[in-house]
Amino acid sequence: MKVSVKVPATSANLGPGFDCFGLALPIHNTVTIEELVDPNEGIQINVFSDEFDISEFHIPTDESNIVYKAVDLLFTYIGQTPNSMRINIYSDIPLARGFGSSASVIVGGLMATNELLGSPADEATLISIATEIEGHPDNIAAAMLGGFVLSSVEIDGSVTTRKLPWPEDWKITMCVPDFELPTSISRSVLPEMISLKDAAFNARRTAMMVEAINKQDAKLFKLGMQDKLHQPYRTKLVPGLDEIMKNLRHTENVLGTALSGAGPGIVVITQGSNTDEIKNIIKDTWEEYSVKVELKTVNVETNGAKFL
Ligand code: HSE
């Protein structure tokens, strides 16, 4: 028996919502888990892609693979050990670019395994297990639920989530540069402590963002999409980021520009039809830094992970 789950890409943080905001995007990875009858077959992991040369990414295909780690944690949760299984990962989401590729396969692996096991874990438990593997809940919650999701890990490891109604005409331009940035490196440049002033700045901005999304208030959203917790520290890892943000700040119909998750990808939120102008600004700015970029304007993916 085998089960496949299709899971959307995500963009985390959206500026001020560090480790809290996540937005699902309409590019998907699919994870298929197949029970193998012969116990000697062990754990087999295969990764496929029509989009990229997977061999460049050195994805582990042994028990250190994140999908396997997530599956193993689910088995531990129900007091069992994994049997022989085949894990097939079909990858369309750009890897190591800040669009939630790892979160998507963790979520897909967990949902498929849970289904094969007769659904012993509910959705909240799966989000909590996935978050334990990923380290933060923002991409996980949005991948699982779709749309715009805010999330918070509580002291007991449970994850509080709320899906907000993303305004239909607010589009996302995904900017995928031609270089990788592992999340671990992008997190390693963040300070342990930040000033009360910067914390208060972000608290104000995240509050504005939530109200702006709920009320479809573009003006408030634009004010809200500013950050002092992570982007200022990460700009040194993403050449051109500052300049792209500066160049788009006063461009018509741009509601905000942010590093996508831990980067190096960027997302631009727009409301209007001048996306070609916006794309040209990004392309030209990054060209000055010898960075090539793939640009795609999309609607938010309102559906979360689903069984095929
Ligand atoms: N919130 C996370 C970060 C997302 O910014 O590091 C990366 O997966």
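The ligand sits in the largest pocket (more than half of its atoms lie within 2 Å of the grid points of that pocket). The model is a predicted one, in which local features need pLDDT of at least 70, side-chain atom pairs count only at pLDDT 80 or more, and totals for chains, interfaces and linings use all residues. Residues are numbered from 1 along each chain as its sequence is written, and side-chain values use heavy atoms, with hydrogens and water left out.

**Ligand site**

The shell around the ligand (residues with a heavy atom within 4 Å of the ligand) consists of A12, N13, F18, D19, H136, D138, N139, T183, R187, R234, G261 and A262. By class these are 3 nonpolar, 5 polar and 4 charged residues (Ala, Val, Leu, Ile, Met, Phe, Trp, Tyr, Cys and Pro count as nonpolar, Asp, Glu, Lys and Arg as charged, and the others, Gly among them, as polar). At least two shell residues come from each of β1 (2–13), β2 (17–35), α4 (138–145) and α5 (183–188); helices (H or I, at least four residues) and strands (E, at least two) are DSSP runs numbered from the N terminus.

| Side chain | Ligand atom | Distance |
|---|---|---|
| N13 | oxygen | 2.8 Å |
| D19 | nitrogen | 2.5 Å |
| D138 | nitrogen | 2.6 Å |

The protein buries 97% of the 260 Å² that the ligand exposes when taken alone (Shrake-Rupley method, 1.4 Å probe).

**Pockets**

A pocket is an open set of points on a 1 Å grid over the protein atoms alone, where a 1.4 Å probe fits, with protein on both sides within 12 Å along at least five of seven lines; lining residues have an atom within 4 Å of a point.

The largest pocket has a volume of about 820 Å³ (the space filled by probe spheres set on the points, which are joined across faces, edges and corners). Its lining has 42 residues, with I66, A96, S101, S102 and T183 nearest the centre. Elements giving two or more residues to this lining are β1, β2, α1 (66–77), β4 (85–91), α2 (101–116), α3 (123–134), α4 and α5. The largest share, 4 residues, comes from α2. The lining divides into 19 nonpolar, 16 polar and 7 charged residues.

The second largest pocket has a volume of about 480 Å³. It is lined by 20 residues, of which E51, F52, P94, V176 and E294 are closest to its centre. Two or more lining residues come from each of β7 (171–177) and β10 (293–298), and β10 gives the most, with 4 residues. This lining comprises 10 nonpolar, no polar and 10 charged residues.

Note on methods. A polar contact is a pair of N or O atoms within 3.5 Å; within protein, one must be able to donate a hydrogen and the other to accept it, and residues adjacent in sequence count only if both atoms are side-chain atoms.
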